[in-house]
Amino acid sequence: MRTRVVIAAALLAIAAALVLAARPHEATADERVDRITTELRCPVCQGLSVKDSPSETARQMRDLVAERVREGKTDAEIGAEFRAAYGDWVLLSPPITSWSGLVWLAPLAVVGAGFILASARIRGGTPARDAEPTAAQLAALRERVAREEAAEG
Amino acid sequence: MILSRALRIAIVVAMLGLVVTLALAFRRDPHDIRTGTVGKPAPAFTAERLDGTGTLSLSDYTGKVVVVNFFASWCLPCAQENPALVHVYERYRGSDVVMLGVVYQESRDSARSYVKRMGMSWPAIADDDGRVALSYGVFGPPETFFIGPDGVIAGRHIGPIDETKLIAGIEALRREATR
């Protein structure tokens with residue numbers, strides 16, 4: 001009985017800890033700056049985010065993001081400001097609604113088309129059974145087998 | 001084969017569409033990176049003049065053709081394009097065409113000495129925090145923007161620009177303004 005109570009208490013404690021850990025909490029200004037700059041592409045780097053780049057341009061972009069966060073702008077408004085200047089290119093994950101979304105959609109479309117093609121072939125491509133041989137064909141076949149057996153001795 | 005004729009045609013059309021899209025994308029000049037600013041109102045700015053004589057606002061030049069050039073003394077292509085900028089500035093001096101320089105990621109002192117050495121007599125502004133460059137979507141100097149009398153960015157050139165392209169860009173905007 002006592003063991004069960006201990007196990008139940010432990011499970012409750014774990015559940016409470018999970019609920020506490022998973023509860024939504026308001027991001028701090030620094031966390032927001034990190035989150036936004038992680039999603040922005042550094043314009044003078046090769047595939048680096050603004051957060052990770054040591055370049056002067058990235059530093060200026062981080063400063064601008066921090067200032068906008070202090071001004072109370074939302075993440076979307078800050079992202080829109082950079083998109084207005086640099087286009088969707090400035091986002092490391094371009095929105096799927098834009099022209100660049102083709103990069104994501106095209107492979108899916110090709111795979112889908114291939115799947116349709118392959119499944120149609122599998123379903124419809126099985127060769128039809130040959131028609132039953134005629135009596136004459138059977139007789140000719142038997143005669144040939146008998147001839148070959150005789151030849152083999 | 002049970003694939004309907006319509007489905008087969010649809011697949012072929014989709015494939016062709018993909019090929020055409022990719023072909024068009026690969027045909028584009030990689031230097032012609034279209035930022036969001038072209039075709040839109042030029043971002044407003046007010047900044048300190050490099051010569052220390054106060055501030056300068058883009059709105060001061062409303063109704064004129066404005067050529068905004070981002071430059072730096074450490075940028076070799078900037079020095080390469082400078083004679084073309086000087087010639088064009090002299091050609092349109094006192095007209096409805098204005099040339100503005102924006103210092104890109106450089107100290108004011110070294111930019112001042114560069115401007116003096118290169119004979120750049122048009123107004124230049126300091127952009128210490130890079131806000132002007134960021135608002136125009138600049139990737140690196142030299143970059144030149146053509147702003148029409150209506151305040152809209154009509155064109156953008158990445159890399160060193162020559163006299164022919166400068167004059168062509170300016171004249172296109174002047175023609176449009178007189179229509």
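In this predicted model, B:V102 is in contact with B:V68, B:F70, B:I125, B:D127, B:V132 and B:A133, leaving aside its neighbours within four places in sequence. Contact here requires C-beta atoms, placed from the backbone, within 7 Å. B:V102 also belongs to the largest nonpolar core, which holds 58 residues. Along with B:V103, B:I125 and B:A133, B:V102 touches the most other members. Strand β3 (residues 65-71) of chain B supplies the largest share of this core, six residues. A nonpolar core joins buried Ala, Val, Leu, Ile, Met, Phe, Trp, Tyr and Cys residues through C-beta atoms within 7 Å. Buried residues have 20 or more other C-beta atoms within 10 Å of their own. Helices (H or I, at least four residues) and strands (E, at least two) are DSSP runs, numbered from the N terminus.

Strands β6 (residues 143-147) and β7 (residues 153-158) of chain B run antiparallel and are joined by five bridges. B:E143 has B:I158 as its bridge partner in β7(B). The two strands form a hairpin with five residues between them. In the turn, B:G151 has a positive phi of about 85 degrees.

Chain B has a mean pLDDT of 91, and 93% of its residues reach 70 or more. Among its elements, β3(B) has the highest mean (98) and α1(B) the lowest (81).

Residues are numbered from 1 along each chain as written, and chains are lettered from A and ligands numbered from 1 in written order. Local features need pLDDT of at least 70, side-chain atom pairs count only at 80 or more, and totals for chains, interfaces and linings use all residues.

Key: A residue is buried if 20 or more other C-beta atoms lie within 10 Å of its own, exposed if 12 or fewer, and partly exposed in between; C-beta atoms are placed from the backbone. Two residues are in contact if their C-beta atoms, placed from the backbone, lie within 7 Å. pLDDT is the predictor's confidence in each residue, from 0 to 100. Two strands pair if DSSP finds at least two bridges between them.
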